[in-house]
Each structure stands twice: as C-alpha cells, then as structure tokens.
Amino acid sequence: MPRKILFLLLFPLGIFAQDRIELLLTKGDSLVKKNQRQQAVQVYQEALVLAKQPGNDERLLSVFKKIGVGEYGQKHYIEAERYFQEGLRIDSTSKTAADIFYNLSLVKRKRNQLDSVLPYLEKSMAIYSRSEQDAATYNAYLSAGIIYKNRQLFDVALEYLLKAEEGFTKLKDQKKLASVANTIGNVQNRLRNFENALKSYSRALKMAAEVKDTLRMGLYSLGKGSAYRNLGRLDSAMLSYKKALNSLPQKEKEYGIAQQNIAEMLKEKRAFREAERYYLQSIELKNRLNETSSLLYSYNGLTDLYLEQGRTENAKDYLNLSINLIPKVKDNFILLDYYRNRVRYHEANLDFKRAYSFQNLYSELFEQIYDIQKTDLVQLMQTRYEYQKKANENLQLSLANQNNLLLIEKQKNDLQRKNGFLVLLFLLLAGLGIGYYLFRQRQKVQYQYDRIEKLEAIYRGQETIKKRIARDLHDIITTNFDGLRLKILSLVRADNIEELSTGIAQDLSNINQQIRQVSHRLSPLEMHVKERPFSEIIKSQLTEFQLYRKIFVTLENSLPEVLNELGFEAQNHLYSILLEALNNIAKHAKATEVEVSFGLDKKENVHVTITDNGIGIDDTDTPGIGLMNIRQRAELLGGKSTIEKVSGGTRVQIDFPLKT
C-alpha cells in the first residue's frame, strides 16, 4: 500500500517535469531566433537539470544538441564539442545523433582539426541516408557538398549537392536552392567546366533575385564574372563584377574583391587610369577591414600597374607599404608577385645589383613552391649586371683614347689626317664591337626568359598531375583504410570472424590494385621497359588485369614485332592508352569479357581495338579525364581515337602511323 501511494504522489511530479522541460526548450528556441544565444544556453541548462532523469534519454539527447549549437553560435567551440560528445554517449544512431555528428564536423572545421572533419561528416551522412529527410538533412547535404568541394573531392561534392537540390526543391526553398546552384557553379569552375559553371551561377542569380536577396546576388555575380573571365568573355565578366558592386554592401570584403577584379581587367585592357581608381578604392576598404593577404594582393596589382606606366616613384610607395605586410602573409604566390615587382622596379632604376638579389629570392621561392631544381633561373640578372659593368669600362676606355688622340694631334700637326683616320677607324670598330656585344647579350636575356616560360609551363603541368595523384591517394587512404580499420576493430566482437577476414583480404587486394594504378600513372612504362620487350609488357598487363579484375581477356592476334621498335615516348603513350581503357572498363562497364587486337596495315598504320561486353557508354555523358587522356595521347601519337557504344558494350579504336 505505501508503494502505490508513493507512485501516485510522484507520477504528477514526473508529468510536471516533462511540461517544464518543454516550456524551457520553447523559450530557449525563441531566444535563439532573436540571436540571444547566451541567454538561450542558460535556459537550456535549466532544462538539462530536469532532463537528467532515468528513462528520459531522447529528451536529454535533444537538450545536449541544443546547448552545443548555442555554444557553437557564440564561437565557444571547445564547450560545444564537449556537449555534443556527451549527447553521443547516450545515442549514436538516431536522427538527432546524425545532427550532432554533422555539428561536430563543423566544430572540427572551425578548430582546424581537418583530419576529423570527414569522419564525423560521413557518419552523419550515413544516418541521414536511412532516416526521414527534412530541412536539417538537406542543410547537412549542402554543407557536405561545400566541405567535399574544399577537399577537391568533386564527384562526392556534386553527389551531395544534387541531393540537397532535390530536397530544397521539394520544400520550395528558393534561397537554399540558390546557394546550392552557386556551390555547383564553384565545383564546375574548379573542374574547368566553365560553360556549366556559368549556367549554375545564372540559376543562382535568378533565384536570389526572386527572393530579393541582394547580398547573395552580389556574391553570385562574382562567381559568374569569374566564369566569364575564364571563358575569355571579358566584357561580360566586367558587367558581372559591376553588378556585384551594385549589390554588395560597401563594408564587406567581397566588395573589395569585386573592385580588385575590375581593376585587373581594366589593367589588361590598358585602361590604366580607371584601373588605378578601382585599385585604390579596394585598398581603402581592405585597410579598414584589416584583410592582410587580400591587401597585399591589391598592392601587388597597383605596383604592377605603375611599373607598366613607368611611374616608378608611385610603385616605390606601395612596395614600401608591402614590406610591413610580408611577415603576416602565408600565401607564397602573393610573395612571388611582390618579388617580381621588386625586380622590375630595380631594373627600371638601373639598380641591377638589387634587382639581382630580389631575383634570387623569387627563384628560391619559385623552387620551394614547385619543388623543382632551376639552376639557370638566377643567371639573367647576373648577366645584365656584368654587361653594365663592361659597358661602363668600354666607355671609359673610349674617352681615354680620345683624349690621347687630341694630345697627339696638337703635338704632331703633320700626322693630323692619318691620326684622324685612325680615330674614326677605332671608333667604328669599337661601335661594331659594342653593338655586337649588345646583340649577344640581348639574345642571352631572351634565351633566359624563354627558359623561364618553358619551366613555368612544365611546373603547371606537373602541378596538375600532382593534384590528380593526390586526389587518388586521398580517396584510397580515406575511403578504404578507414573502412578497413573499422572492420579490423570489429573482429574482437564479431561472431563471423571468418567472413570478416575474407572481406578484409578482399579489401587489401582492392587497395593493392588501386595503388598499382596510381603507380602506373606516375610512371606507366619506365620501370618495365628496360627489363623486357614492349610486347611482353602488354601481355603481362592484360594477364594481370584478368587476374585482379576477374574479367576474361582475349588477345585476338599476336602482337606486331614493330611495337618493340617504337621509341620510348610512343610506347609510353600507347601503354597509357591501354591502361586508361582497361581502368574505365573495370570501373564503369560492368563487363565480363574484353577483346584486344593489334594490327598493322600495308601503309604501316597501327590499329588497336579494345572491345568489352559491358553496359556501353552513354553518348550524352560528358567525357571524363580518362577518355580525354586517351584522345590526347592518340593525337600525340599522330593518330586518332574513336570511342563508341556498340552492340553489347563499348569499343575503343586507336589508329596511328608507325612513323610520325
């Protein structure tokens, strides 16, 4: 009887506590909407005390999330992470847990703990994919797209951005749809699909205009201007940048960026006076906002403009202003522009010694950025300095000889005509000598500039290759090794150890194959060609493909012996084409068989055909990097490529002359 009485007494108190928690949460949410986050957190803390009762886990998890979000909004990232982690100790599988995982990825990003961003983000995405979709889910998809874009995982970024677009379309949220379209435009811009980027930016602008969001109209106009500029449509780019100025608040840093872009384009058109005005306005704004890196970028642009006009004193002023910013800047490319302007300034003032010292700084930084030895780069300034020194010595010698001839003329009047002829002859020879020397020095200077341009082209190409290899390695490490680590950790608690062990072995095999592919891209042929004939290398690769990919390979005829007589460069192109074709089949075709044939016609043209029985290529698809690589290498061989869908699969046909 006493227990029943106690229950009857406590039951109303429990109901009262639940109602009190609900009231506090509603009050806290109202304060958040008013941007009074500190007061909201205090109210949530009161709810937390009441929610810490047995059997109240779901409500407690929600309170932890709200407190964490409130602390995050106040930039208290350590406190926010602590409350989020407390919530995950209660539950790590629900929709609310997905929200917490997503918020933790944002906290890690703010705390610059970038290695932890993707794991938390991927956990949240996994839960969202099997939960009921709502506005919070679509916001997470949008944020994931932005994070993956910043990590250069563009395919994954587009996947989540399209999910966000589909969700916000259902909700008819034009503002969010505009943000999604703008981010897709940024991805397409990074992928150099400038026409597609332009379409996405235009959609974003249209939707922002419909909701009268002038701030975002300005931001999206900046993106549209960059797409136009990359397409070489400078007038359209200029118009977009000016639209950005009309929409952006004059106190925002993006306003200064728009001014900077307009100034750069005016400088390209040699409209120096207008360009100078926009540079100065951009600098004034960035000074007020204390945007150090961006400010130095504007200083460099304005200095370059003054040097183009020969206004060295004005250039000197901004070079001196730049000195105080140099220690605060971490962007080496901005420093490169600064050093380049220093070289040009001292050259214009004939101070070749200082120009030479800054050229050395430029060269050292250039080598640090691109990681390539450049022993000839610093010779230019040294050559010009030595030339100036010798020219001065020749001039002094010529003056001394003229004085001596005048003395001789006074002392020996009878030899006046003869000495006059000798003086004229000497001056003529000296002039010819100096002229020839100047001509040779100019040739050397031009040769050095040509070498620098070629090196820069090589470095840009190598940087592109590095980015692709880095992306591949990142995909292998992040995607495969994280999954492998989790499987290994689960062995301790698993009942099906044998099945998991088999899966781990298969994963290791897949990782091994992917690493081999990256290795092939680094040097597809060089490590094999010295060991055996080229035809044997091809056969070995086909056998290896069949073994690892479980796709049956038929070599329809014997390989022509002339393949072994090709130069290394031609063999390397042909081998790379074969690797790209096989890689595309393995990744996309869903094929079970591949037929490969090599032939040589009477005109000594080589014909290579690779046919699979897969799902076939879609003619409407945009060609990827692999197909573009095949076409470009076929052109380098002096031939052509045909990639088409055939009955029961895809056929890749390469034709090129044996002698190019």
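Strands here are DSSP E runs of at least two residues, and helices are H or I runs of at least four, both numbered from the N terminus; two strands pair if DSSP finds at least two bridges between them. The model is predicted, so local features need pLDDT of at least 70 and side-chain atom pairs count only at pLDDT 80 or more, while totals for chains, interfaces and linings use all residues. Residues are numbered from 1 along each chain as its sequence is written, and side-chain values use heavy atoms, without hydrogens and water.

**First stop: the sheet.** Five strands form an open sheet in the order E1-E2-E3-E5-E4, with mixed pairing. Select E1 (552-555) and E4 (640-646): these are the edges, and each has a single partner strand, so one side of each lacks a neighbour in the sheet. From one strand to the next, the twist averages 15° (axes are lines fitted to C-alpha atoms, for helices over the stretch in contact; angles run from 0 to 180 degrees between N-to-C directions).

Click Glu644 to find its bridge partner in E5, Arg651.

**Next: the packed helices.** Show H24 (residues 568-589), which touches E2 (593-600), E3 (605-612) and E5, contact being heavy atoms within 4.5 Å. The direction of H24 makes about 15° with that of E3. Then pick H25 (residues 625-636), which packs against E4 and E5, at about 140° to the direction of E4.

**Last stop: H20.** Move to helix H20 (residues 416-490) and select Leu429. This leucine, Leu429, is exposed, at 53% relative accessible area (exposed is over 50%, buried under 20%, partly exposed in between, using a 1.4 Å probe and protein chains only).
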